[in-house]
Each structure stands twice: as structure tokens, then as C-alpha cells.
Amino acid sequence: MLSVKGFYDLHLHSAPAPFVRLGDSAEVALWCAEAGMAGIVIKSHFESTVSKVHHARTAVKDAYPDFKVFSAIALNRGVGGVNPGAVELALQQGAKIVWLPTLDAVNHVAAFGAAGTYGFAGMTLTSKRAAKPQLYTVVDANGKLTAETKEVIELVIAYDAVLATGHISKSEILETVDYALAAGAKRVVITHPELAAPKLDLPTMVDLAKAGCFMEFCAVDLFPMFHCISLNGLIEAIEAVTPERTILSSDGGQPFHPKPHECLRVIAHGMLEKGVPMETIQKICIENHKYLLGL
């Protein structure tokens, strides 16, 4: 059985959260550390995870002193959307990834029918507010990046962090990537390009990889609840964009999926059984993550 020893996961979810999660931040960190992984990034659609990560680190430091836990921020309603002030405060406290809008993105609504939902009760926000939630985009009426988005990108570069595209649309991604790479960004990740948001076609993925971006494929997207790519499709996509520009994350933490480290193990082991070399698996599960995290 393939081991996840040394693996990293740049995208997983934990409690507390408005959605039910499989475990809290300390529990998730301990599971991953016990499995032999080297590190994780804890994501939340709802807040900066700086505090979550502080407590997760405290929980694992004695038994697993070398295990790394990193924080992040996603630019939705909980932090005021595309908010450079919130971004800088998170980065100053060690956040490694800034996700552009996810479940409050205009494009998320186009893909899933509403903000704050994935189309089923277990992952749908409730609200007692009279007003509808604000939706966020990174472009203006002319399709050009907003000043706030440009400032966010410049902050990510200044703090040597990772810019991740979240759930924004293909056209928004192209505008973002053009600006970010021209400004000197070295760590740009296209978030689950296989998911309904953004649902990129393979030629676009290839073009973005050639430009210098990393494609982040997510293990849970091969499981029944989301199932937007097959194992063979994943292998074909990795071959097309090249392992040098690919990372595998879990995007796990939901109660209807295995634990995040097991999501990674199942998909990586499946790839190995299909003939993907171990060197490729190490590249997309360890080496590229270390580069993105600056390790």
C-alpha cells in the first residue's frame, strides 16, 4: 500500500465552520501527522485560518515537532471580500496562501446556482439577513482587474506567498494571471481547474501551465459527491500540463469523504497502479508543494 510519508496538502478544511467538517483543526493535523505527512495548509471559506493553525500547531508540536501547519485566507464575505487590509494582516501572521473569492464569487453562483452553496444541504449557508449576500469578482465592468485585486496580488508578491485563483471564472483567471506574472509573481496556483468553478478546458490548463502557473487537482473531485474528473482523466491532465506544473491536494475535511490524508493516498495509489511513476507522484505530492511553501 502506498504511503503518504512526506506528502503535503495545500488545501483542506476543518471545524469550526458553518459547514459540518470531519474534524477540528487539531484533529485534522494529528491525523495527517500520524499518517507520516510532512505538512498541511488549513483553508476556510469564512475566515483567515491563523487562529486555527495556532491551535493545530500546539496540538502536534510535542509528538510531531517537524510537522508543519500553515494558515491561509480566502476572500469571501467573512473577510470583506477582495480586501487588501485583511490579506495583509493574514500575511503578516504567516499565511501562506491567498485564495481569490470562492463560494461568494460571481462565477460560483453561475456554477452552483447561488452563493454559499454547493447544491446540497450539508454545504449550504443559511442566513437571517434580509439582504442577499454580496457577490465578489476581481474585475470591473470592462473586464479589467480592480484596483483592490491588483493590490492583493502585489501584497502576495511582497510577502512571497501563494496566489490561488479560487472559484473565479476563466476570463477572470486569465486577467489575474497576466497581471500577476507580469508583476513578478512566482507562486500562482489555479485552484481545482476540474471543478464546476472554474471548469477549465485542458488547452487552457496547458497554456496557464506553460505561462508558469501550477494546476491544483483535488482528490475529493474523484469521489462520488463531486466526481468531476476520473482517474484516467486526471492522469491525462497531469501528462498534458506536465508534473512540473501540477500539485495534488485533498480539498478534504467533509464528513462524506475519507480523512484528507486518506483521500490523497487513495488517489495517489490509484495513479501508481495505473502506471504513473513514483517519481511523478513525489513531484506532485511533495516537491512542488515544498517549492510553493518556500521550504
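A salt bridge is counted where a side-chain nitrogen of Lys or Arg lies within 4 Å of a carboxyl oxygen of Asp or Glu. In this model, which is predicted, the structure holds 6 salt bridges. In one of them, the side chains of R77 and D104 meet at 2.7 Å, taken from N to O. Because R77 lies in the loop between β4 and α3 (84-92), while D104 lies in the loop between β5 and α4 (106-112), the pair ties together parts that are 27 residues apart in sequence.

The strands β4 and β5 also belong to an open sheet of 6 strands, whose order is β4-β5-β6-β7-β8-β9 and whose pairing is parallel. At its edges stand β4 (72-74) and β9 (246-249), each of which pairs on one side only, and the twist from one strand to the next averages 25 degrees. Where β4 meets β5 (residues 97-99), the two strands pair in the parallel sense over 3 bridges, and there the bridge partner of A74 is W99 in β5. At another part of the sheet, helix α8 (residues 231-241) lies across β8 (214-218) and β9, and α8 runs at about 170 degrees to β8.

A further open sheet has 3 strands in the order β1-β2-β3, with parallel pairing. Since β1 (8-13) and β3 (68-70) stand at the edges with a single partner strand each, one side of each is left without a neighbour in the sheet. Neighbouring strands of this sheet are turned against each other by 25 degrees on average, direction ignored. Between β1 and β2 (residues 39-43), the parallel pairing runs over 4 bridges, and L12 stands opposite I42 in β2.

How does α10 (residues 278-293) cross helix α9 (residues 260-273), and at roughly what angle? The axes of the two helices come within 9 Å and cross at roughly 155 degrees. Angles over 145 degrees count as roughly antiparallel, which means that α9 is roughly antiparallel to α10. The crossing of α9 and α10 is right-handed. Their contact is made by A268, M271 and L272 of α9 together with M278, I281 and I284 of α10, and the residues of this contact divide into 6 nonpolar, no polar and no charged.

Methods:
Residues are numbered from 1 along each chain as its sequence is written. This is a predicted model: local features need pLDDT of at least 70, side-chain atom pairs count only at pLDDT 80 or more; totals for chains, interfaces and linings use all residues. Side-chain values use heavy atoms; hydrogens and water are left out. Axes are lines fitted to C-alpha atoms, for helices over the stretch in contact, and angles run from 0 to 180 degrees between N-to-C directions. Angles under 35 degrees count as roughly parallel, over 145 as roughly antiparallel, 65 to 115 as roughly perpendicular and the rest as oblique. A crossing is left-handed if the near helix is turned anticlockwise from the far one by less than a right angle, and right-handed if clockwise. Contact means heavy atoms within 4.5 Å. Ala, Val, Leu, Ile, Met, Phe, Trp, Tyr, Cys and Pro count as nonpolar, Asp, Glu, Lys and Arg as charged, and the others, Gly among them, as polar. Two strands pair if DSSP finds at least two bridges between them.
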